[in-house]
Amino acid sequence: MVTKAHIEIAHLRAEVKTKEEKSGKKNIHTAFARYNLGSALWLSNKPHETAMAVQEFTFIIAFMTQREPTHPMLRATLEIRDMALKTIQNFETEGTLSAWLYWKAPTARLEDIKDMGQLFGELIAMTDREKELTISASTMKQGLHRHGLFGFCSPTPQFIDQATFITMACDEIAEVKLRNHNPLHTNLPETTEHQSSPSSEGDDT
């Protein structure tokens with residue numbers, strides 16, 4: 001998905017350049033090409049690319065306000081520019097990044113905790129272990145893989161309660177965020193083992 005997105009952005013950049021050479025920078029067709037490029041950059045869910053998207057939208061707004069003030073594209077660009085600016089504000093909160101580039105919006109740790117709490121509830125209901133209040137390690141792995149954490153393979157106790165699940169899942173999300181936004185980042189060797197959950201009654205697999 002990421003590779004395809006990079007190819008698409010490169011194509012859209014080339015399209016903007018072509019329109020500028022053919023029609024000039026201040027032209028409705030060039031503005032449309034810039035809008036498409038800005039939209040793709042914003043959907044990357046990355047700080048630098050989102051800032052570049054705002055630059056594209058700002059250029060379009062200045063042109064459309066002057067030359068095409070009644071065109072529907074002006075309102076559309078204002079709306080998407082405001083959404084991109086809100087995304088940039090979110091990036092200012094420490095740890096707010098996207099774990100799934102070009103797919104899901106950036107999230108803060110508190111949002112990840114809420115999402116993982118909900119996922120744990122879904123998994124425990126699916127496996128009919130509400131009384132035990134735990135899920136198995138295999139269920140956790142399968143659940144996180146379906147959620148998009150395909151690389152999750154950390155050693156886990158046989159049974160996992162909600163607190164352990166949320167901590168481990170959110171730590172994995174934080175690790176993915178670091179890898180996505182800092183390619184030089186690598187995992188440190190695991191030096192500690194997680195403690196088993198209170199309940200260890202029958203497996204749910």
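Student: In which sense, left-handed or right-handed, does helix 5 pass helix 6?

Tutor: In this predicted model, helix 5 passes helix 6 in a right-handed crossing.

Student: What makes helix 5 oblique to helix 6?

Tutor: The axes of helix 5 and helix 6, the latter spanning residues 137–147, cross at roughly 125 degrees and come within 11 Å. Roughly perpendicular ends at 115 degrees and roughly antiparallel requires over 145, so helix 5 is oblique to helix 6.

Student: Which residues of helix 5 and helix 6 meet?

Tutor: Helix 5 contributes Met116, Leu119, Leu123 and Met126, and these meet Thr139, Gly143, Leu144, Arg146 and His147 of helix 6. By class, this contact has five nonpolar, three polar and one charged residues.

Student: Why are helix 5 and helix 7 called oblique to each other?

Tutor: Helix 5 (residues 109–126) packs against helix 7 (residues 162–181) at an angle of about 130 degrees, and their axes are 9 Å apart. An angle over 145 degrees would be needed for roughly antiparallel; helix 5 and helix 7 are therefore oblique. Their crossing is right-handed.

Student: Which residues make the contact of helix 5 with helix 7?

Tutor: Among them are Arg109, Asp112 and Phe120 of helix 5, and Phe165, Asp171 and Lys177 of helix 7. The residues of this contact comprise 11 nonpolar, three polar and four charged.

Student: How do you know that helix 2 is roughly antiparallel to helix 3?

Tutor: Helix 2 (residues 28–42) and helix 3 (residues 47–67) pack at about 155 degrees, with their axes 8 Å apart. The term applies to angles over 145 degrees, which means that helix 2 is roughly antiparallel to helix 3. The crossing of this pair is left-handed.

Student: What is the make-up, by class, of the contact of helix 2 with helix 3?

Tutor: It has 13 nonpolar, three polar and three charged residues. Tyr35, Leu37 and Trp42 are among those from helix 2, while helix 3 supplies residues including Phe57, Phe59 and Phe63.

Student: What volume does the second largest pocket have, and which residues are the closest to its centre?

Tutor: Its volume is about 190 Å³. Of its 13 lining residues, the closest to the centre are Ala99, Trp100, Gly148, Val176 and Asn180.

Student: Which element gives the largest share of the lining of the second largest pocket?

Tutor: Helix 7 does, with three residues. The lining as a whole has nine nonpolar, three polar and one charged residues.

How values were computed
Residues numbered from 1 in each chain as written. Predicted model: local features only at pLDDT ≥ 70, side-chain atom pairs only at ≥ 80, totals over all residues. Heavy atoms only, no water. Axes fitted to C-alpha atoms, helices over the stretch in contact; angles between N-to-C directions. Helix = DSSP H or I, 4+ residues; strand = E, 2+ residues; numbered from the N terminus. Parallel < 35°, antiparallel > 145°, perpendicular 65-115°, else oblique. Left-handed = near helix turned anticlockwise from the far one by under 90°. Contact = heavy atoms within 4.5 Å. Nonpolar A, V, L, I, M, F, W, Y, C, P; charged D, E, K, R; others polar. 1 Å grid on protein atoms, 1.4 Å probe; cavity = no way out; pocket = protein on both sides within 12 Å on 5 of 7 lines; lining within 4 Å. Points joined across faces, edges and corners; volume = space filled by probe spheres on them.
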